[in-house]
Amino acid sequence: MSLFAIILVCISAFMQAGWNLLSKSQYPSSTFFLVASTTGALLLSPVIIINWDTVAHDISFQVWQLVSMAGFCMALYYIALAGAYRAGDISIAYPIARSFPVIVVSVVTLILGRGDQVSGLCVAGIFCVVGGCFLLPLQRFGDFRFKNYFNTTCGLALLAAIGTSGYTILDDEALRILRTAPGIDMTNTWVTILYAFFEALWASFWLLLYVAATRRGRSDMYKELRLSKKNAILAGIAIQVTYAIVLISMAFVSNVSYVAGFRQLSIPLGAALGIVVLKEKLYPPKLTGVIIMFAGLVFLAIG
């Protein structure tokens, strides 16, 4: 992995942790992510003009179905993440929301009959991530009680992880179809950016439905648009720029798993920012849990 690729991925990890900190430091709400997602879609919208013929004629109905479902899962991720940040510490919610999707995708890989793609190192990584998650909510190592895990923060963080897992799996299938479609004459990077635009657009659509249909959503909309819309716009830009950096970095590595591994740097960064900037409590089990999870995710990425 080249030094340039390492620098790019480190920048993306800092930005990933940064926009999560930005959402937590404000009033975390679905409207915040609605504004952020819409901003991201607008940022990518020129890709439609450049590739209008492809959009109009060459994208199959199956891809439209998949991207609409992926957008729903992304909206679920944003809604649950906002709730988890309202309920508790980012240094607990963020590592859970970011790490569990890797496990879910690995399990789905096994279910789909691709067991040869899951090595012993991957299995070790799964155990590390699960073990680390059990340590995060504890104040002392002897505090293993069910009540420490059955709480709103952990529950919503897991729901956010389910949303991430859903759109990750759907993205993979949709992009496989797009990249091999006979009528689409685009590089893989352009195909991915085009797909990202529609996914952000669908996520905004589902988020708008949720915000308009719920009392909390409607009350949060007024508060968010009045107080925090600038930060939501910045978060939306950061989300899409982070995604673009990751795509660029993939061109400078021999194996994309190295990128996936280095991206997990955002987990200890997110936890550290919550502790340093937001003054969240640093308990020994939390620190140990984050370190173990980070190691496990690297095992999963390179295994």
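Biologist: Does Cys154 count as buried or exposed?

Modeller: Relative accessible area decides this, with buried meaning under 20%, exposed over 50% and partly exposed in between (1.4 Å probe, protein chains only). Cys154, at 7% relative accessibility, counts as buried, whereas Cys128, at 21%, counts as partly exposed. This is a predicted model, in which local features need pLDDT of at least 70 and side-chain atom pairs count only at pLDDT 80 or more, while totals for chains, interfaces and linings use all residues. Residues are numbered from 1 along each chain as its sequence is written, and side-chain values use heavy atoms, with hydrogens and water left out.

Biologist: How many disulfides does a search of the whole structure find?

Modeller: A disulfide is a pair of cysteine sulfur atoms within 2.5 Å, and the search finds 0 of them.

Biologist: With which residues is Ile292 in contact, leaving aside its neighbours within four places in sequence?

Modeller: Contact means heavy atoms within 4.5 Å, and on that basis Ile292 touches Cys128, Gly132 and Leu135. Ile292 lies in helix α14 (residues 284–302), helices being DSSP runs of H or I with at least four residues, numbered from the N terminus, and Ile292 is partly exposed at 29%.

Biologist: At what angle do helix α2 and helix α9 pack?

Modeller: Axes are lines fitted to C-alpha atoms over the stretch in contact, and angles run from 0 to 180 degrees between N-to-C directions. Helix α2 (residues 30–44) and helix α9 (residues 188–213) pack at about 150°, with their axes 8 Å apart; α2 and α9 are therefore roughly antiparallel, a term for angles over 145 degrees.

Terms used: Helices (H or I, at least four residues) and strands (E, at least two) are DSSP runs, numbered from the N terminus. Angles under 35 degrees count as roughly parallel, over 145 as roughly antiparallel, 65 to 115 as roughly perpendicular and the rest as oblique.
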